[in-house]
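I opened my notebook to look up a few things in this structure, one at a time. Come along as I go through the entries.

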Amino acid sequence: MISRTAIARQPEINPANSDLRLVDRLGRVHRSLRISVTDVCNIRCQYCMPAEDVAFLPNQHLLSFEQIERFVRFVLPLGITKLRVTGGEPLLRRQLSDLIQRLSNLGGLEDLALTTNGMLLARQIDDLVAAGLKRVNISLDTLSEEVFRRISRRDGIEQVLEGIEAARGYPQLEIKLNALVLRDVNLDGVLELVEFATSRDLPLRFIEFMPLDAERSWNMQRVVSGDELRKRIAQELAPLRPLDCSDPTRPSRDYVFADGRPGQLGFIDSVSKPFCSTCDRLRLTADGKVRNCLFGVQEWDVAQALAAQDEGELKRQLLACVQAKHPAHGIAQPDFEQPERPMYQIGG
Ligand code: SAM
Ligand code: SF4
């Protein structure tokens with residue numbers, strides 16, 4: 001694995017000579033932008049947020065929808081084609097469908113997607129789809145109310161399931177379910193989740209637990225690797241067959257059942273099999289910081305440039321951010337440092 005410090009030996013790009021495409025020093029072309037619209041959440045997943053005493057951003061520190069749109073207008077000609085709106089819980093941001101509408105109106109996008117915990121989806125899905133939402137990923141780690149409570153420290157699995165059903169009412173909307181498995185909490189429910197998803201013809205993806213939790217309870221023992229899950233599913237249900245993937249930037253390795261039964265499973269093995277070498281993502285936090293990696297320890301502040309409509313400053317910040325991208329997250333390296341901001345503050 002390439003160490004985080006190896007970047008120091010990479011040649012520098014001179015911003016003056018750059019044609020301003022978002023290409024980093026390893027030649028990775030950035031096409032995907034994750035936009036966090038809030039750090040607030042209505043649940044408290046233990047792999048993400050603290051249980052109590054969460055200090056959320058004051059409202060006046062959040063980028064307005066107008067500023068987010070301005071940022072996106074700026075990055076579209078630089079090669080960004082895929083947008084994902086996330087948080088915190090994005091459906092807690094008032095009138096989120098207005099932002100979706102603004103982004104959808106920009107045109108030229110290959111993808112306009114949302115990641116949500118699903119709790120508020122049933123009541124917002126009509127407006128979101130009408131506004132132009134193309135895809136939604138809904139987090140579903142368990143079907144058990146008791147396990148849901150252990151993970152999220154709140155009640156609410158029924159609301160999540162209602163949200164999934166409501167989204168299924170829109171055949172034009174692409175839906176995926178995302179599950180994060182903690183060995184000590186929800187490993188036993190994995191097969192149930194697979195059956196739930198496959199019986200509804202919904203792709204299910206398993207995301208490995210990454211060291212991005214506020215309580216710093218991450219350790220390798222708690223991580224259930226994609227390999228382990230694939231083995232378990234093959235033993236208990238049926239062997240899996242990998243699907244060819246034409247897009248190397250997709251983080252998920254997708255499988256179907258080898259015996260032909262319906263179902264598609266994806267595995268985002270970010271810890272055990274990092275895909276940093278093909279990463280095409282940038283992130284905009286709810287308070288206007290650009291990040292080149294979930295695990296980056298540096299952020300580039302574009303809030304002021306957006307407020308002042310200062311394109312020169314925006315360019316400088318963005319180029320500096322892309323240039324500084326590390327080759328790899330380096331979780332397995334001895335010098336790995338967990339980033340200061342946990343997942344809910346960055347935007348997952
Ligand atoms: N609140 C929404 C939700 O939960 O879907 C959107 C934001 S959440 C931060 C986005 C995704 O990040 C979720 O699918 C969640 O499972 C994932 N996530 C949160 N903490 C994580 C961690 N420590 N490691 C890996 N994935 C994590
Ligand atoms: Fe909230 Fe999503 Fe984090 Fe869970 S993973 S606490 S739903 S932001």
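**Entry: H3 and H5.** I began with a pair of helices in this predicted model. I looked up helix H3, residues 121–131, and helix H5, residues 157–168, and found that their axes come within 8 Å and cross at roughly 25°. Angles under 35 degrees count as roughly parallel, so H3 and H5 are roughly parallel to each other. I also noted that the crossing of H3 and H5 is right-handed. Which residues make the contact? On the H3 side I found Leu-121, Ala-122 and Ile-125, and on the H5 side Glu-162, Gly-163, Ala-166 and Ala-167. By class, I sorted the residues of this contact of H3 with H5 into five nonpolar, one polar and one charged.

**Entry: H2 and H3.** Next I turned to the other neighbour I had listed for H3. Helix H2 covers residues 96–105, and the axes of H2 and H3 come within 8 Å, with a crossing of roughly 15°. H2 and H3 are therefore roughly parallel to each other. Here I wrote down a right-handed crossing. From H2, the contact takes in Leu-96, Ser-97, Ile-100, Gln-101 and Ser-104; from H3, Asp-127, Leu-128, Ala-130 and Ala-131. The contact of H2 with H3 divides into five nonpolar, three polar and one charged residue.

**Entry: H1 and H2.** I then looked up H2 again, now with helix H1, residues 65–75. The axes of H1 and H2 come within 10 Å and cross at roughly 25°, so H1 and H2 are roughly parallel to each other. The crossing of H1 and H2 is right-handed. In H1 I found Phe-65, Glu-66, Ile-68, Glu-69 and Val-72, which meet Leu-96, Asp-98, Leu-99, Arg-102 and Leu-103 in H2. How many charged residues does the contact of H1 with H2 have? I noted four, along with six nonpolar and no polar residues.

**Entry: Lys-82.** A single residue came next. I located Lys-82 in strand E2, which spans residues 82–86. Which residues does Lys-82 touch, not counting those up to four places away in sequence? My list reads Arg-31, Ser-32, Leu-33, Glu-110, Asp-111, Asp-247, Thr-249 and Asp-280. With Asp-280, I found a polar contact of 3.1 Å between the two side chains.

**Entry: ligand 1.** I moved on to the ligands. There are 19 residues around ligand 1, and those that come nearest are Tyr-47, Gly-88, Glu-89, Ser-139 and Met-210. I looked up three of these in turn. For Tyr-47, a polar backbone atom is 2.8 Å from a nitrogen atom of ligand 1. For Met-210, a polar backbone atom is 2.9 Å from a nitrogen atom of the ligand. For Glu-89, an N or O atom in the side chain is 3.1 Å from a nitrogen atom of ligand 1.

**Entry: ligand 2.** What lies around ligand 2? I listed Cys-41, Ile-43, Cys-45, Tyr-47, Cys-48, Met-49, Gly-88 and Asn-117. Sorted by class, this shell has six nonpolar residues, two polar ones and no charged ones.

How values were computed: Residues numbered from 1 in each chain as written. Chains lettered and ligands numbered in written order. Predicted model: local features only at pLDDT ≥ 70, side-chain atom pairs only at ≥ 80, totals over all residues. Heavy atoms only, no water. Near = heavy atom within 4 Å. Nonpolar A, V, L, I, M, F, W, Y, C, P; charged D, E, K, R; others polar. Axes fitted to C-alpha atoms, helices over the stretch in contact; angles between N-to-C directions. Helix = DSSP H or I, 4+ residues; strand = E, 2+ residues; numbered from the N terminus. Parallel < 35°, antiparallel > 145°, perpendicular 65-115°, else oblique. Left-handed = near helix turned anticlockwise from the far one by under 90°. Contact = heavy atoms within 4.5 Å. Polar contact = N/O pair within 3.5 Å; in protein donor to acceptor, adjacent residues only side chain to side chain.
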